[in-house]
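Reader: Could you walk me through this one slowly? I am new to reading structures.

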Amino acid sequence: MKAKKKQYRKYIFVTVINRDKLINGRNSLPAERHSSMTANGEPGANSDESSLSTLPLPDIRTSPMPNGNGSHKSTTAIESQPKRRVSIISDAPMIGASAGAAGYDNLAYEQNPRRKISQTSTHSHTEIGPARRRSILKEPSLPSNDNESDRGSTHSFENYRQSALDVLNAKYQGHQQQVPLSQDGNGANYVEDSWIYTFCLKCRGEEPSESWEPSFWQKIFPYPLCPTFRTFSRLIVLILIGLLLWIVAFVIIGDTAAPGGQLFSLVVLTVAANFGGYIISLTTLPRLIGMLLVGILFQNVGWVDLDGDFSKVTGHLRKFALTIILTRAGLEMEPEAFKKVYKTILKLGIVPWIVEAAVMTVMSHFLLDLPWMWGCLLGAIIAAISPAVVVPCLFRLRTKGYGVVKGIPTLVVAVAGVDDALSVAIFGIISTIMFSDKGVGYQIAQAPVCILGGLAFGVIWGCVARIFPEKGDAYVVPLRTLMLFAGNLVAIYGSEELGFEGAGPLGVVFSSFVSNLFWCKDGWDVDDNPVSTAFEIFWMIFEPILFGLTGATIKIDELDSHTVSIGAACIFTGVIIRIFVTAGIACGDRLNTKEKFFVGLSWMAKATVQAALGPVALKNLSSDATDEERTWAEIVQTICVFSIVLTAPLGAILISVTGTRMLTKTKQPQVLSGWRRSHRPSIRDISIIDEEEEREDPEIPRDKETDNNTQNNAHLTNLSYTANK
């Protein structure tokens, strides 16, 4: 029996080889015989029925022996054939009609682009269908009409770039003849193995589509050592726009816009801050750190002077930036999630904020000799969370699947919005009481009037934004964006003019939240809200302005080392206590111990509110203020700036490092087409830590379709004989 099986395998082997030869030599057939073949290579009506290409594979149980003597020994001479190894290897699936010519076992196989194989499949078939196993029976040296040319034409742009790099490698090796070859004997790709190549490759972001380039571009500026033509042309356009706007401003304004003027200095500071933010972002740290450092550099080198009458302009720019910050905080809150876990959001947003603000107030009073009111003002500012730091870090974790099942990224972002609104509102109330000369009744009425007035404005303006403009309007997105922005600016300036400064920030956050609630009911997705995208663009403009101006307020030679050291101690003490308080009050929220501490760690970063409100107290002082009051205001400003420098990079690093160790990762892919708030394509998307191994998430629901496919394919354990049975 064993001998029969061995002979039968040998017969099949020879048959397949002859069939393969016939298929490869099809182009050499005579015209009349070639015309008798169908498009699929099957014999037509006039074809020879005894052709080797159509020999059936006999069943070992029923078919007679081909040589008539009861054995499966083939009469075909195979001594002259070279010995060949037969094996099956996995290969990438082919798309379209070329799949049959690519050497698949089943030439009539049609790939199903939407079918899963089994529950244990490790690859996705949502786009190209399940992969087939490809036979390597075909002689590698024989010419074949596979899809190599197609691949070359499809990826000709990449091949063109690679050819430019090959030229560089050849030139480099020509100058380095004394360098020995590598161990594999084929030399080294000096350019691609260099650190400069790796650095440039990481600096290049992925383009949404292939960019057009002149034919000479890659020869002169090879990618990724040089930017693409699209990036270069974008930079040229921005430079031209800036130059033209400067010419117009110089003609209208005059010397202020000329080199050496304050407006010109502000523009230069903004551009340099943006560049500094980009440099820092290459280290995966928040961009605002680089912007802040550039502002400090410009101030202490003497390249910028924004004091005097120009301080009024910078004050208005801060208010615009604050309006954008609070509007984005309201738009980031997911209405459905807020409705389900509003108790948890309010609990984790208010209680830890009160504790940190109280710790900062007490420590600043006893260690920095600040009055109680000034200490409360400082505590209200320092206790705020920075969405500009938290959101991008959480975005990277969410795209990798960390904490998605329990909604931890949504929880952290929602609490950050509540936290910022509370900080700005309390700051406005305290600031109004401190710098107002009105009676006690007016000061007592500040808190209830600001809270009720802010909430009332938010509800009214949110309802107006739902009706006007009409949701089917072709210009609904720009009209809603401008209407919301204008209304929020009126809330900020109007509340200040009425003497209830704390009502404006609450009104801004609540109007944005109510508007987003109604827009989501009309069909918009909170993760892909076009109005949020518009405010993200506004923030990209005002972010370097805000943090550049904030850094320019620090003069290193005037800093008091005692104030800096004690202030840093106060900041870290408040942060540590807040982390433990957050972990303590998160009981009953379906979070384990690691997740509780991660939530507390993610709320330690300070940036946006501190940059917007830190210098406000010093600006609000009247001309007849005492030197002691100015000293207190400078202490508040200094500690706010140093809270950004100390906590923003540390918070970003801790979120990235601890998130992969404290949060559960799901294998389910995350489609995050819209959840891109505060997210710019850059090297920040590359994790700065080594991720742990993936873990099965017990909360992932099983897919019925894949379970059924798993059961149906259970009998296909060995495909070598089942196809012929």
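Author: Let us start with a definition: axes are lines fitted to C-alpha atoms, for helices over the stretch in contact, and angles run from 0 to 180 degrees between N-to-C directions. Contact means heavy atoms within 4.5 Å, and helices are DSSP runs of H or I with at least four residues, while strands are E runs of at least two, numbered from the N terminus. This is a predicted model, in which local features need pLDDT of at least 70 and side-chain atom pairs count only at pLDDT 80 or more, whereas totals for chains, interfaces and linings use all residues. Residues are numbered from 1 along each chain as its sequence is written, and side-chain values use heavy atoms, leaving out hydrogens and water.

Reader: How many helices and strands does the protein chain have?

Author: The protein chain has 29 helices and two strands.

Reader: And at what angle do helix 15 and helix 27 cross?

Author: The axes of helix 15 and helix 27 (residues 627-662) cross at roughly 20 degrees and come within 10 Å. Helix 15 is therefore roughly parallel to helix 27, a term for angles under 35 degrees. Among the residues making the contact are Trp-374 and Leu-378 of helix 15, with Trp-632 and Val-636 of helix 27.

Reader: New topic: is Leu-368 buried or exposed?

Author: Leu-368 is buried, because its relative accessible area is 8%, and buried means under 20% with a 1.4 Å probe, counting protein chains only. Leu-368 lies in the loop between helix 14 (342-367) and helix 15 (372-382).

Reader: Which residues is Leu-368 in contact with, leaving aside neighbours within four places in sequence?

Author: They are Met-363, Thr-563, Ile-566, Ile-635 and Ile-639. Thr-563 is 195 residues from Leu-368 along the chain, yet their C-alpha atoms are separated by 7.0 Å.

Key:
Buried means under 20% relative accessible area, exposed over 50%, partly exposed in between (1.4 Å probe, protein chains only). Angles under 35 degrees count as roughly parallel, over 145 as roughly antiparallel, 65 to 115 as roughly perpendicular and the rest as oblique.
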